[in-house]
Amino acid sequence: MVKGLSSLTGHYNEICQKNEAHCESREISFTKLIRPSDSTQETDYEERDLAQKLRRALTNLGPTFIKVGQQLSIRPDLVSPIVLYELQRLCDAVPPFECEIAMRVLADELESTQKTYCERRNNEDIQRIIMKTFHEMPTLVASASLGQVYKGKLRHDDPHSDPEYVAIKIQRPDMLETVTLDLFLLVAYGKTVDIICSFLTNQIPYHQAFLNGFSQGAFMELNYLHEAANQSFFRNEIHSRFNGQKREWGSIRRKDFNDGPDKVIVPKVYSEYTTERILVTEWINGKPLAQAPPEQIRELIPVGVELFLCQLLDIGKFHADPHPGNLYVTTSKCGTPVLCLLDFGLVAHVDEHDRNSMTNAIVNLLQGDYDTLISHDAKQLGFLPQDIDVTDLKPVLKTILKTALVESGSNLHDRRRNLMAISNELNVVFFEYPFCVPPFFALVTRGLGLLEGIALSGDPSFDIFKASYPYAKKRAMETLRNYFA
């Protein structure tokens, strides 16, 4: 216990020391990063300087805080383009650890799959072990918050067989201890916020529960066997719904056959080489969808919206760690663009009750049935207690939903201005009523935020709510048919 507290204190002091240089003992107005003033050459320079300091600070804080920056990097409605550019570098430009260490980890894990292990080995031993599996030594291609990715070519006994290139994800050393200490601090922060909110407001405490759920998911991300199982599951589910002749809509298989090209792919997992610390998957040539030409983004975003809603409303599991580096665009055998979904370390579950409630809520929101949305759907989803009287709350929530969501449309400046205009109404909801945000819903908004942020770069008129309506409506009709069947 004493050792653990000492380690935690040392970790906290290390965080403070690492970021002291960025603060430079002066007050920095980070509100400029959230609501920048009118653009001039001088303010742009100052904002860029602050954004770079923020990115370096998050990088120094470690993997947990890098993920926070990655989530901000997909929110053009919250931060300016200058800040977005810097934060998006956290998705694919995290400083790597030494390749010599990575190759030692790879050799250790490959040897464990072969049931042979030797504690003492030199560089020649490491290379010999790796070359048993790969045609040549893997090359570094990307560095991420929890690990880094190498490209390799599998060795085959038959020299005439087609080459198989793979992506090898190798976990950073000492990740378990680092992430554990970060999460301990975050959960302690959530507990403190809950105590303060319970004292000052009527809000139901949820911060600690949310961060506990986030922590559980983070620990699962550290086990690549868990990620491999998730990826294989989604590969089967998504390919059966979006690709080839046997396409499905929801849980009902389509009667008509589709001979068109694949729409979404998930890389194959090589389970025979995968362990808790290394993940070997099919290599995909492509680039992040956010970096694709605008016309490609406009073509693929409807597929992305359907992909996300299919996971959320039908499959019951969804990719819960969205950022631009996890949604790629590649090319099909026919030469057409295809979405590729990567990185399944963090997957959230939504039970059938919540899936049906979410479907009804989306339909009621877009049809303008705010009474049902507030009095029924909000309670079913856990935003409000079942026994609360919403008579006085309805006018306030109607104003929020209409002004901040539906009527703002795709214009981010209008949405931001409308949110500021109804700040008093928001304060009423959060301070005077027992309002609670379900943990899974925060993950849902992250996914929708990713798609909306990418879509707006290709189509400034894109509206995420209108784009979601067709799938949600058909899903609701399917639910009703099943209910009355």
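Analyst: Let's start with a term: on a 1 Å grid over the protein atoms, a pocket is an open set of points with protein on both sides within 12 Å along at least five of seven lines. One thing to keep in mind as you look at the structure is that the model is predicted.

User: Thanks! How much space lies in the second largest pocket?

Analyst: The second largest pocket holds about 790 Å³ of space. Being called a pocket, it has to be an open set of points.

User: What makes a residue part of the lining, and which residues lie nearest the centre of the second largest pocket?

Analyst: A lining residue has an atom within 4 Å of a grid point. For the second largest pocket, 36 residues make up the lining, and Ala142, Val149, Gly325, Asn326 and Leu342 are nearest the centre. At least two lining residues come from each of α4 (63-72), β1 (139-143), β2 (147-153), β3 (165-171), α10 (224-242) and β7 (278-282).

User: How does the lining of the second largest pocket divide by class?

Analyst: There are 17 nonpolar, 12 polar and 7 charged residues in that lining.

User: What makes a cavity a cavity, and how many of 30 Å³ or more are found in the whole structure?

Analyst: In a cavity, a 1.4 Å probe fits but cannot get out. Searching the whole structure for cavities of 30 Å³ or more gives 2. The largest cavity has a volume of about 140 Å³, and its lining consists of 12 residues, with Phe308, Gln311, Leu327, Leu341 and Leu450 closest to the centre. Helix α11 gives the largest share of this lining, 4 residues, and α17 (439-458) supplies at least two. By class, the lining of the largest cavity has 7 nonpolar residues, 5 polar and no charged.

User: Why are β6 and β8 said to stand at the edges?

Analyst: Their sheet is an open one of 4 strands with mixed pairing, in the order β6-β11-β10-β8. β6 (264-265) and β8 (287-288) each have a single partner strand, so one side of each lacks a neighbour in the sheet.

User: How do you know that β8 pairs with β10?

Analyst: Pairing requires at least two bridges between the strands. β8 and β10 (residues 327-331) run antiparallel and are joined by 2 bridges, so they meet the cut-off. Lys287 has Val329 as its bridge partner in β10. Helix α11 (residues 294-315) lies across β6, β10 and β11 (337-341), at about 40 degrees to β11.

User: What is the order of the open sheet with antiparallel pairing?

Analyst: The order is β1-β2-β3-β7. β1 and β7 are the edge strands, each pairing on one side only. From one strand to the next, the twist averages 25 degrees. β3 and β7 are joined by 5 bridges, and pairing needs at least two, so these strands count as paired. Lys169 stands opposite Leu279 in β7.

User: Why is Asn202 called partly exposed?

Analyst: Its relative accessible area is 48%. Buried would need under 20% and exposed over 50%, so a value in between is partly exposed. Asn202 sits in the loop between α8 (175-200) and α9 (207-221). Its C-alpha is 5.1 Å from that of Pro434, although the two are 232 residues apart in sequence.

How values were computed: Residues numbered from 1 in each chain as written. Predicted model: local features only at pLDDT ≥ 70, side-chain atom pairs only at ≥ 80, totals over all residues. Heavy atoms only, no water. Points joined across faces, edges and corners; volume = space filled by probe spheres on them. Nonpolar A, V, L, I, M, F, W, Y, C, P; charged D, E, K, R; others polar. Buried < 20%, exposed > 50% of the residue type's maximum accessible area, 1.4 Å probe, protein only. Contact = heavy atoms within 4.5 Å. Axes fitted to C-alpha atoms, helices over the stretch in contact; angles between N-to-C directions.
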